[in-house]
Amino acid sequence: MVYEVGKMDYRQTALTFYKEATAAGDKIFVSKGEQATYNDAKLACTNAGGQLASPQNAEENKAVLDFSKMYKVFPYLGINDLVNEGSFRYPNGEMIRYSNWSDKEPNNDKGVEDCVEMYDNGKWNDKNCNEKRLIICEF
Ligand code: 289
Ligand code: CA
């Protein structure tokens, strides 16, 4: 038997099965408090039917920040410039339409920073994708 799952049902599923979830606008952000490298974090979210948190406005950025404060760990965002250095994109390949870079970022320090972490003030820093950061998925 195949059941068609509507948007609300999926959101409710996320709220029910994850340890913590918060709603902001049309998105649901979900975290279990786990940390991983960018590739593993990305996989965790896509395997769950979502994607790494990719805030597109100040409200969504605040929702991600609240999670990182709860777990006291900087999170990864889904935003990255893995394909073209300096061209930061959402997981679907579109150019970012909102950013909240920290002062002097992104700087691609040592030429190895293609992923993005969020500091505990909500500002963004490009960072080496091999570092482990908090996994926050969005649905
Ligand atoms: O490895 C360098 C990083 O840990 C960060 O170091 C400093 O905070 C700044 O240069 C950041 O841009 C950099 O990502
Ligand atoms: Ca940086």
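Why is the disulfide of C45 and C137 left-handed? The torsion about the S-S bond of this pair is about -85°, and the disulfide is therefore left-handed. A disulfide here is a pair of cysteine sulfur atoms within 2.5 Å, and in C45 and C137 these atoms are 2.1 Å apart.

The model is a predicted one, in which local features need pLDDT of at least 70 and side-chain atom pairs count only at pLDDT 80 or more, while totals for chains, interfaces and linings use all residues. Residues are numbered from 1 along each chain as its sequence is written, chains are lettered from A and ligands numbered from 1 in the order in which they are written, and side-chain values use heavy atoms, with hydrogens and water left out.

Back to the cysteines, then. The count comes to 2 disulfides. The pair described above links distant parts of the chain, with C45 in helix α2 (residues 38-47) and C137 in strand β9 (residues 137-138), 92 residues apart. Helices (H or I, at least four residues) and strands (E, at least two) are DSSP runs, numbered from the N terminus. Both C45 and C137 are buried, that is, under 20% relative accessible area, with exposed meaning over 50% and partly exposed in between (1.4 Å probe, protein chains only).

The other disulfide joins C115 to C129, with sulfur atoms 2.0 Å apart. Its link is right-handed, with 100° about the S-S bond. C115 belongs to strand β6 (residues 115-118) and C129 to the loop between β7 (124-127) and β8 (133-134), so the pair ties together parts 14 residues apart in sequence. C115 and C129 are buried too. Numbered in sequence order, the bonded cysteines of the protein pair as 1-4, 2-3.
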